[in-house]
Amino acid sequence: MRIRILATITVAAGTLGALAAAPAQATEYSSALKIRGIQYDAPGRDSNNCRTGNTDEEYLTIKNYSSGTTVNLKGYVVKDKAGNRFTFTANHNLEPGDYVKLRGGNGTDSDRGNVVYRDNCNFMWNNDKDTIYFYKPSGAGADSHAYTKTQNDRDGNGYIGYHN
């Protein structure tokens, strides 16, 4: 009897050790809106100059994956691991299957163009690794992903797709 219990404990401990060593994966939330992808490394040499920089080439794509519900982005929050954050303060309705690109820099938000600007010329995402957190207006998690350039961006183009 003791041998079986000890063997069971040993197998369970080994399983927990293997799970702890596994790479971090995205947390699955029950949310219609999810992160579809991130261009975390803007093409070209990084420049956060508001007039001539390329922060608008860094973006996060959020998609409505529901089959029949329109969702308003107002109040949703995007954060990175360092605590940089953006809150959608205006109404922006995403119909089923629709998406929006949250871009850095300044510009004119457009439902027709599926774009919202952060109105901030600083880069939000790290080029080597970061974590993306996406929260509902209630504060509950909607989606999150951790990435590293070496593990998740196999072709090295600065873009990683999720939930495709």
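Modeller: The largest nonpolar core has 24 residues. Ile38, Leu60, Val78, Phe88, Trp125 and Phe134 have the most contacts inside it. Such a core is a set of buried Ala, Val, Leu, Ile, Met, Phe, Trp, Tyr and Cys residues joined through side-chain atoms within 4.5 Å. Buried means under 20% relative accessible area, exposed over 50%, partly exposed in between (1.4 Å probe, protein chains only).

Colleague: Which element gives the largest share of this core?

Modeller: S1, with 3 residues. Strands here are DSSP E runs of at least two residues, numbered from the N terminus.

Colleague: And what are the ground rules?

Modeller: This is a predicted model: local features need pLDDT of at least 70, side-chain atom pairs count only at pLDDT 80 or more, and totals for chains, interfaces and linings use all residues. Residues are numbered from 1 along each chain as its sequence is written, and side-chain values use heavy atoms, without hydrogens and water.

Colleague: New topic. What is the strand order in the open sheet of 5 strands?

Modeller: S8-S7-S2-S1-S11, with mixed pairing. Two strands pair if DSSP finds at least two bridges between them. S8 (115-117) and S11 (159-161) are the edges; each has a single partner strand, so one side of each lacks a neighbour in the sheet.

Colleague: How many bridges join S1 to S11?

Modeller: 3, and the two strands run antiparallel. Gln39 stands opposite Tyr159 in S11.

Colleague: Where is the disulfide?

Modeller: It joins Cys50 to Cys121, S to S 2.1 Å; the cut-off is sulfur atoms within 2.5 Å. Cys50 lies in the loop between S1 and S2, Cys121 in the loop between S8 and S9, 71 residues apart.

Colleague: Is Cys50 buried or exposed?

Modeller: Exposed, at 54% relative accessibility. Cys121 is buried, at 7%.

Terms used:
Helix = DSSP H or I, 4+ residues; strand = E, 2+ residues; numbered from the N terminus.
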